[in-house]
Each structure stands twice: as C-alpha cells, then as structure tokens.
Amino acid sequence: MRIMAVDYGDAHTGIAVSDPTGFIPGYTGVIDMHDPARCADLVAAAAREHGVGRIVVGRPLNMNGTSGDRIAKTERFAALLRERVDMEVVF
C-alpha cells in the first residue's frame, strides 16, 4: 500500500509518497497554499492521483516534546483532510 506523508505548513506543505511496498519514498513535492481548505483539496487530489491508501500527517511538537499552537493548526488541517478522502488519515 502506498503511504503519503504530509508536513503541513501555513504557506508550504510538503508531501512524499512511498512505493507500493510502503517503505521506499518516491514522489515528493510541495504545495504552496495559504488556505487550509484548499490545501486539503490539493493533498486529497494528490493522494488519489498516486493511489495512496493511508495518509500520515506529521505532528509538530515543540523541542521539549510539548504541544503548542502549531499542533492545533495541524489537527484542524487533518480534520479537513479526513472530510475529503476515503482512507485512513493518522498522525
């Protein structure tokens, strides 16, 4: 199963897609988008285009391991993404 890794950011969101085994990274790209809903649309489209079966969203912890404002934004983005895809979206 192909897995997509997502590194969500306010202006730039990185994506990487594995090979069919789920172990070796293949396609990588950056989505330049400030609107979280539109970014979620573009990530969902890329997931469908590459035949992804699972999306893993990076959980941005602070350097001391605690949660901050960034994690709340990322969780809201993951919720938007879940509304747009018919596959598992995990942290």
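**Burial, ring stacking and helix packing**

User: Why does F77 count as buried?

Analyst: In this predicted model, the relative accessibility of F77 is 1%. Buried means under 20%, so F77 counts as buried.

User: How many aromatic pairs does a search of the whole structure find?

Analyst: The search finds one aromatic pair. The rings belong to Y8 and F77, and their centres are 4.2 Å apart.

User: Why is the pair of Y8 and F77 called stacked?

Analyst: The ring planes of Y8 and F77 are at 10°. Planes under 30 degrees apart count as stacked, so the pair of Y8 and F77 is stacked. The centres, at 4.2 Å, also meet the pairing limit of 6.5 Å.

User: What makes this a link between distant parts of the chain?

Analyst: Y8 is in the loop between strand 1 (2–7) and strand 2 (12–18), while F77 is in helix 2 (residues 69–84). The two residues are 69 residues apart.

User: Is Y8 buried or exposed?

Analyst: Y8 has a relative accessible area of 8%. The cut-off for buried is under 20%, so Y8 is buried.

User: Which residues make the contact between helix 1 and helix 2?

Analyst: On helix 1 they are P36, A37, C39, A40, D41, V43, A44 and R48. On helix 2 they are F77, L80, L81 and R84.

User: How do you know that C39 is buried?

Analyst: The relative accessible area of C39, a residue of helix 1, is 0%. Since buried means under 20%, C39 is buried. Leaving out residues up to four places away in sequence, C39 touches Y8, T13, I31, M33 and F77.

User: What is the relative accessible area of S18, and is S18 buried or exposed?

Analyst: The value for S18, in strand 2, is 7%. This is under the 20% limit, so S18 is buried. Beyond its neighbours within four places in sequence, S18 is in contact with M1, R2, I3, F23, I24, P25 and G26.

Note on methods: Residues numbered from 1 in each chain as written. Predicted model: local features only at pLDDT ≥ 70, side-chain atom pairs only at ≥ 80, totals over all residues. Heavy atoms only, no water. Phe/Tyr/Trp six-rings, centres within 6.5 Å; stacked < 30°, edge-to-face > 60°. Helix = DSSP H or I, 4+ residues; strand = E, 2+ residues; numbered from the N terminus. Buried < 20%, exposed > 50% of the residue type's maximum accessible area, 1.4 Å probe, protein only. Contact = heavy atoms within 4.5 Å.
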